[in-house]
Amino acid sequence: MAGAAVLFFLACLFFVPDAQAVDGVSVQAGRGDDRTYVLRFGITDQWRARDPAASGWTLAGYWEFVAGLWDNTDESTAEIAATPVFRFERQAIYLEGAIGFHLVSNRISAHRTFSTAFQFGDHLGAGVRFGPGRRYDLGVRVQHISNGGVSSPNPGINFLLMRLQYSLE
């Protein structure tokens, strides 16, 4: 599974139809249920330009493609994911939400085993963009991953994540 995650990530980097499509690179780190630590590397591709919304806020959207590893005292779990993210921004601050698709190893810990490799991942987050041209993006996310009741067992897992992104454009 780890090899598949690496291949997926490299494919996202090098086989994107338009080489200009990769807008940023990111790293995420956090902790979840069963003392599960997560480390992810990702790329982003903006799919919705910043359009004006109410009260000075703008609405934007981007794809996030990640490859990651989860680790706890029982197991190590590999994952790959693709997530369309909606973001409301006002100057340097933002709020975002998303529901995406994850492929993960089935076993999470001695107490948690997913019944399917396919999982849904949703998150809510907030953060700030800073630095020259606001190219840096630091945020916090709360994320839940489960199969949405498609199959049993469906233990799900929750994470609290910190995310740092660097915009290439």
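Predicted model: local features only at pLDDT ≥ 70, side-chain atom pairs only at ≥ 80, totals over all residues.
One cavity of 30 Å³ or more was found. The largest cavity has a volume of about 60 Å³. Its lining comprises Q28, R40, E64, V66, A81, T83, H102, G121, H123, R141 and Q143. Six of the lining residues are polar, three are charged and two are nonpolar. Strands β3 (58-71), β4 (76-90), β8 (118-130) and β9 (136-146) each contribute at least two residues to this lining.

The largest nonpolar core contains nine residues, namely V38, W70, V104, I108, F114, I145, I157, F159 and L161. Strand β10 (residues 157-167) gives the largest share, three residues. Beyond four places in sequence, I157 touches D33, T36, W70, I108, R112, F114, Q143, H144 and I145.

Nine salt bridges were counted. R40 pairs with E79, with the closest N and O atoms 2.4 Å apart. R40 lies in strand β2 (residues 36-52) and E79 in strand β4, 39 residues apart. Both R40 and E79 are buried.

A salt bridge also joins R163 and E64, at 2.8 Å from N to O. R163 belongs to strand β10 and E64 to strand β3, so this pair ties together parts that are 99 residues apart in sequence. R163 and E64 are buried.

R141 and E96 form a further salt bridge, the closest N and O atoms being 2.9 Å apart. This pair links R141 in strand β9 with E96 in strand β5 (residues 93-104), 45 residues apart. R141 counts as buried because its relative accessibility is 4%. E96 is buried too, with a relative accessible area of 6%. A network of salt bridges links E64, R87, E89, E96, R129, D137, R141 and R163.

Methods. Residues numbered from 1 in each chain as written. Heavy atoms only, no water. 1 Å grid on protein atoms, 1.4 Å probe; cavity = no way out; pocket = protein on both sides within 12 Å on 5 of 7 lines; lining within 4 Å. Points joined across faces, edges and corners; volume = space filled by probe spheres on them. Helix = DSSP H or I, 4+ residues; strand = E, 2+ residues; numbered from the N terminus. Nonpolar A, V, L, I, M, F, W, Y, C, P; charged D, E, K, R; others polar. Core = buried A, V, L, I, M, F, W, Y, C linked by side-chain atoms within 4.5 Å. Buried < 20%, exposed > 50% of the residue type's maximum accessible area, 1.4 Å probe, protein only. Contact = heavy atoms within 4.5 Å. Salt bridge = Lys/Arg side-chain N within 4 Å of Asp/Glu carboxyl O.
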